[in-house]
Amino acid sequence: MKKLLITGGFGKIARYFIQNHHHQYQIIAADIVVKEGVFPNVVQVEEADLRDAKRCLELCEGVDTVVHFAGMVDPVSESDEILEVNIKTTQNIFKAAVAKNCHRLIFASSAQTIESYHTDIQVHKDMLVKPKNLYGVSKCFGEALAAYYANNKTISAISLRIGAYEFPNDFTEMNARDLSAYLHPDDFNQLLVGCIETEGIKYEVLNAISDNRYKRLDITEAIEKVGYQPKADAFELFALKRE
Ligand SMILES: NC(=O)c1ccc[n+]([C@@H]2O[C@H](COP(=O)([O-])OP(=O)(O)OC[C@H]3O[C@@H](n4cnc5c(N)ncnc54)[C@H](O)[C@@H]3O)[C@@H](O)[C@H]2O)c1
């Protein structure tokens, strides 16, 4: 069984993955805020602030794959805090993963890295980053850091540009952009398993949205490189719900 360290383990995206895949992997769920009774006992829970570099080293001991979800998620804030927290925590955990010889890093990046492109442009991974907010800037930093370590140290890395991740019943205030960038939680879980299991990757940036009939981000490489098989189409899913 592969040993995974999942940071931000009590956040929305990590929690759903862990609840569905705890029998498939040996999982450590690390978060600055932890709660009792969320996961079965087989999941190792660690309360940890990733701003603490020494703690990051402890967490990465014996880990095969680090999935880094932890951070501040706020596409509106102009506060420096978002850079301070997201840059520091990402550097600490990536550096620790390299120092502890982990096999792979998977970074939860965001479609916010490219959000300044006009919404009628489909964004491919080879286009320049164009963030619209400081949160997106912090994700550009994380991608650059992942690329740096993967290309210069003995670790493999994947940055996932996650779109609008929502459980269908919660997705009530959608606009055209959100539909085109929609990511169904089950599609994301399948993609993440592909990222954990696929061998032979040095560094990739993969787009993580569902099979929406208009796609804000191109998902060809996610399909080809890690066997992504998205099922949801937001335009069908939500149009049907409104009937
Ligand atoms: N939800 C989306 O639609 C979406 C879209 C694109 C990217 N992402 C990225 O995916 C990741 C997970 O998103 P989410 O929606 O589950 O977010 P979330 O806010 O629910 O989870 C983030 C978790 O990180 C933890 N955290 C924050 N600072 C920490 C620290 N210093 N040390 C340890 N843990 C810390 C929080 O306690 C929280 O549990 C984030 O990095 C986010 O930027 C999410």
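How many nonpolar, polar and charged residues does the shell around the ligand have?

1. By class, the shell holds 15 nonpolar, 5 polar and 4 charged residues. Here Ala, Val, Leu, Ile, Met, Phe, Trp, Tyr, Cys and Pro count as nonpolar, Asp, Glu, Lys and Arg as charged, and the others, Gly among them, as polar.

2. A word on the model: it is predicted, so local features need pLDDT of at least 70 and side-chain atom pairs count only at pLDDT 80 or more, while totals for chains, interfaces and linings use all residues. Residues are numbered from 1 along each chain as its sequence is written.

3. The ligand is surrounded by 24 residues, the closest being G8, G11, A108, I162 and Y165 (near means a C-beta atom, placed from the backbone, within 6 Å). Elements giving two or more residues to this shell are helix 1 (12–21), helix 3 (80–99), strand 5 (104–110) and strand 7 (164–165). Helices (H or I, at least four residues) and strands (E, at least two) are DSSP runs, numbered from the N terminus. Helix 1 gives the largest share, 3 residues.

4. You will also find an open sheet of 7 strands, paired in parallel in the order 3-2-1-4-5-6-9; two strands pair if DSSP finds at least two bridges between them. Strand 3 (44–47) and strand 9 (203–208) are the edge strands, each pairing on one side only.

5. Strand 5 runs parallel to strand 6 (residues 156–162), joined to it by 7 bridges. F107 stands opposite S159 in strand 6.

6. Finally, helix 2 (residues 53–60) is followed by G62, whose phi is positive, near 75°.
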